[in-house]
Amino acid sequence: MSDVDRLLADYIAEHRAGGEADPCAYLSRASPAERAELATLIDAYLARAPRQPFDQARFGGSTAERTVDELERAIAGQAGLWPAVLPRLRDRAGLKRSALVDRLAAALGAEDRREKVAGYYHEMEQGLLPAAGVSDRVLEALGRIVGETAQALRDAGRALTPSGEGPAAPAAAFARRAYAEPAGAPSPGTQPPPTGEWDEVDELFRGA
Amino acid sequence: MTFEPLPDHNLQQLSDEELIAYIRAARDEGQLAHGRRGLAILVYGYERDVKRRLSIRVPTHVVDDLAHDALVKAIAAAFDGTSVGEFRSWLNTIVDRTAVDHFRRAGRRPKETILPSEHAGEDDVWGAEPQVESKAGAVELRMIVDEVLDTFNEKHRLVIELHVFSGLTAGEVCDRIEGMSEDNVAQIASRFRAKLRARLDPDRDG
């Protein structure tokens with residue numbers, strides 16, 4: 001049995017036993033000349049491995065649970081994949097929501113209506129704001145802040161609801177699962193604050 | 001059609017496609033709380049292996065983010081009907097594309113993918129470097145295997161799938177495939193591995 005055979009067999013055994021089965025740990029044990037072969041074989045094995053049985057104890061608090069929370073809000077909502085995409089982009093940009101809102105309001109020339117921008121952005125992350133109504137100007141500004149293209153944000157907003165119209169499911173019910181919001185954030189499920197007259201901020205977030 | 005919620009042990013038995021149909025039906029009937037269970041089984045069921053596959057391709061510090069992106073894209077496409085083929089195959093394709101996109105973005109934003117070798121003495125910060133460090137390599141891993149498998153007939157491909165990728169012994173493979181001897185299994189596996197090595201490194205054996 002070659003080293004590659006032995007390492008692959010050991011890897012499969014560890015994977016099936018529910019172990020860590022970290023490919024890199026095994027690849028580091030292969031000689032440089034054999035590493036690509038072992039990487040290819042492990043990858044091919046993993047691409048065929050059966051779905052892991054569900055384990056509630058391990059699921060709780062896991063990254064998988066967070067992904068499920070986001071997908072649930074996305075499927076229930078009216079904003080495509082924004083509930084799964086926007087919080088991640090914000091995290092990767094190292095921005096708290098309040099900081100992002102500050103920058104977004106400034107980029108839109110709406111510093112004096114920051115709270116209204118905050119309400120709309122919250123609705124975008126929660127999947128409560130119809131994606132089709134959000135203007136390119138907002139997406140371009142947001143994209144510059146989080147390091148994504150406006151088109152990618154638009155595409156994410158169109159996902160799950162190809163017609164651009166959200167499903168009838170009550171999105172607000174799922175927003176209750178959202179992560180703790182900072183004090184002062186608008187209540188999930190509420191419509192953006194249409195107090196007063198329809199203004200440029202409303203037009204930017206709902207008028208497209 | 002009326003939606004009927006299923007207990008976990010029944011959901012676990014569903015295929016990926018059946019799970020996605022279940023989630024969609026739950027959503028359509030306004031019972032997404034039940035659909036959430038199906039989502040959990042699907043995401044949990046594949047997340048670790050998606051991370052493992054990505055760890056071969058990209059730096060450790062981006063694996064979790066990219067795994068999230070791949071799972072979200074694959075499930076969303078399967079859910080709204082824009083995916084191609086079976087979910088598992090589609091997920092594999094999305095994982096490959098996600099790794100490629102990472103390298104494309106890294107080209108635009110070099111600071112995003114600092115490798116551990118650039119942080120001498122700080123390996124604990126970044127972890128191991130990927131084993132396949134190029135955009136082409138990220139895609140080719142799976143394509144190379146498929147390409148080599150395609151040079152074998154259907155029966156021999158099954159031998160390779162069972163013996164090499166499923167870890168069955170030669171004897172167990174013979175029990176499943178009529179007319180196959182243990183020597184044949186060993187020879188087929190050996191030929192596959194030799195072709196794979198030659199494809200990975202054409203200059204290696206002259």
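Let's start at Phe205(A): setting aside neighbours within four places in sequence, its contacts are Leu104(A), Leu108(A), Val117(A), Tyr120(A), Met124(A), Leu129(A), Gly133(A), Val134(A) and Val138(A). Keep in mind as you look around that this is a predicted model.

Now turn to where the chains meet. Here 65 residues of chain A are in contact with 58 residues of chain B. Between them the two chains bury about 5500 Å², and 55% of that lies on carbon and sulfur atoms. On the chain A side, the residues that lose the most area to chain B are Arg51(A), Phe54(A) and Ile75(A), which together make up 15% of what that side buries.

The rule finds 14 salt bridges across it, and Arg197(B) forms a salt bridge with Glu37(A), with the closest N and O atoms 3.1 Å apart. Polar contacts at pLDDT 80 or more link 34 residue pairs across the interface.

Which elements of chain A supply two or more residues to the side that touches chain B? They are helices H1 (3-16), H2 (23-27), H3 (32-48), H4 (56-59), H5 (63-76) and H6 (82-92) of chain A. H3(A) provides the largest share, 15 residues. Sorted by class, this side of chain A has 35 nonpolar, ten polar and 20 charged residues.

Definitions and conventions. Residues numbered from 1 in each chain as written. Chains lettered and ligands numbered in written order. Predicted model: local features only at pLDDT ≥ 70, side-chain atom pairs only at ≥ 80, totals over all residues. Heavy atoms only, no water. Contact = heavy atoms within 4.5 Å. Buried area = accessible area lost by both parts, 1.4 Å probe. Salt bridge = Lys/Arg side-chain N within 4 Å of Asp/Glu carboxyl O. Polar contact = N/O pair within 3.5 Å; in protein donor to acceptor, adjacent residues only side chain to side chain. Helix = DSSP H or I, 4+ residues; strand = E, 2+ residues; numbered from the N terminus. Nonpolar A, V, L, I, M, F, W, Y, C, P; charged D, E, K, R; others polar.
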